[in-house]
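I opened the notebook to record, entry by entry, what I looked up in this model. Each entry keeps to one part of the chain.

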Amino acid sequence: MAIKAICTLVTLFFIFENCRAFPNGGPIDACVKAQPNRPNHGGTQPQPENTNPFIVEASNDYYRPGDKITVTIRGPKSAFKGFFFQGRDPKTQEWIGVFETNPDAKSYAECSASTHTDNDPKKSVTLLWHAPDATGSVYFVGTVLENYRTYWSDVVARVPQ
């Protein structure tokens with residue numbers, strides 16, 4: 001009887017953990033919190049940067065009017081359930097440009113952010129960012145969530161040379 005009760009509790013714990021993640025993406029207030037792009041997951045902390053198993057790459061870090069830049073998030077060994085990324089000006093830290101909405105991502109145009117549309121496991125997601133009507137540099141920074149309690153924040157997309 002005790003084993004059955006323990007199995008039931010363990011099963012309920014895992015169901016609860018999977019339901020707690022933001023199933024429809026990060027909230028827009030993630031843009032303006034004291035530590036932007038970080039989830040508020042019940043006192044959890046981001047994982048150390050050097051343990052991040054995910055690759056985030058941008059196709060460019062320089063733009064002209066009308067340019068589009070892709071940002072790809074992928075997990076070569078494990079899947080991720082969520083993300084929240086912003087396009088920022090490296091000189092001013094201001095939000096710039098806008099991400100396109102797609103089946104895997106919704107956009108918060110008011111703060112140049114993109115987040116997941118569901119918390120299903122993902123091996124790869126490609127975001128499309130539209131440049132403002134100017135010329136300049138951009139970097140993409142955000143969070144990748146493996147699950148509710150395991151995530152990496154302040155991840156900056158690298159631009160392959």
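Is Ser 137 buried, partly exposed or exposed? I noted that Ser 137 has a relative accessibility of 34% and therefore counts as partly exposed, where buried means under 20% relative accessible area, exposed over 50%, and partly exposed in between, with a 1.4 Å probe and protein chains only.

Before going on, I wrote down that this is a predicted model, in which local features need pLDDT of at least 70 and side-chain atom pairs count only at pLDDT 80 or more, while totals for chains, interfaces and linings use all residues. I also noted that residues are numbered from 1 along each chain as its sequence is written, and that side-chain values use heavy atoms, with hydrogens and water left out.

Entry on Ser 137. I placed Ser 137 in strand S9, residues 136–137; helices (H or I, at least four residues) and strands (E, at least two) are DSSP runs, numbered from the N terminus. Leaving out residues up to four places away in sequence, I found Ser 137 in contact (heavy atoms within 4.5 Å) with Asp 61, Tyr 62, Tyr 63, Arg 88, Asp 89, Pro 90 and Ile 96. I also looked up Arg 64, which is 73 residues from Ser 137 along the chain, and the C-alpha atoms of the two are separated by 9.0 Å.

Entry on the whole chain. I counted one helix and 11 strands in the protein chain, and buried residues make up 39% of its 161 residues.

Entry on S10. I saw that six of the seven residues of strand S10 (residues 139–145) are buried. S10 pairs with strand S4 (residues 82–88) in the antiparallel sense over seven bridges, two strands being paired if DSSP finds at least two bridges between them. S10 also pairs with strand S11 (residues 151–156), again antiparallel, over four bridges, and these two strands form a hairpin with five residues between them.

Entry on the open sheet. I traced four strands in the order S1-S3-S8-S5, with antiparallel pairing. Strands S1 (55–58) and S5 (98–99) stand at the edges with a single partner strand each, so one side of each has no neighbour in the sheet. Between S5 and strand S8 (residues 124–130) I found two bridges, and Phe 99 stands opposite Trp 129 in S8.

Entry on Ser 114. I found Ser 114 in strand S7 (residues 113–116), and it counts as buried because its relative accessibility is 0%. Its contacts beyond four places in sequence include Phe 83, Phe 99 and Leu 127.

Entry on salt bridges. I took a salt bridge as a side-chain nitrogen of Lys or Arg within 4 Å of a carboxyl oxygen of Asp or Glu, and by this rule the count comes to three. Glu 57 meets Arg 74 at 3.5 Å, N to O, a pair that links strand S1 to strand S3 (residues 68–74) across 17 residues. Glu 57 also meets Arg 158 at 2.5 Å, N to O, and here the partner lies in the segment after S11, 101 residues away. I therefore logged Glu 57 as buried at 16% relative accessible area, and Arg 158 as partly exposed at 47%. Glu 57, Arg 74 and Arg 158 are linked in a network of salt bridges. Elsewhere, Lys 122 pairs with Asp 118, with the closest N and O atoms 2.9 Å apart.
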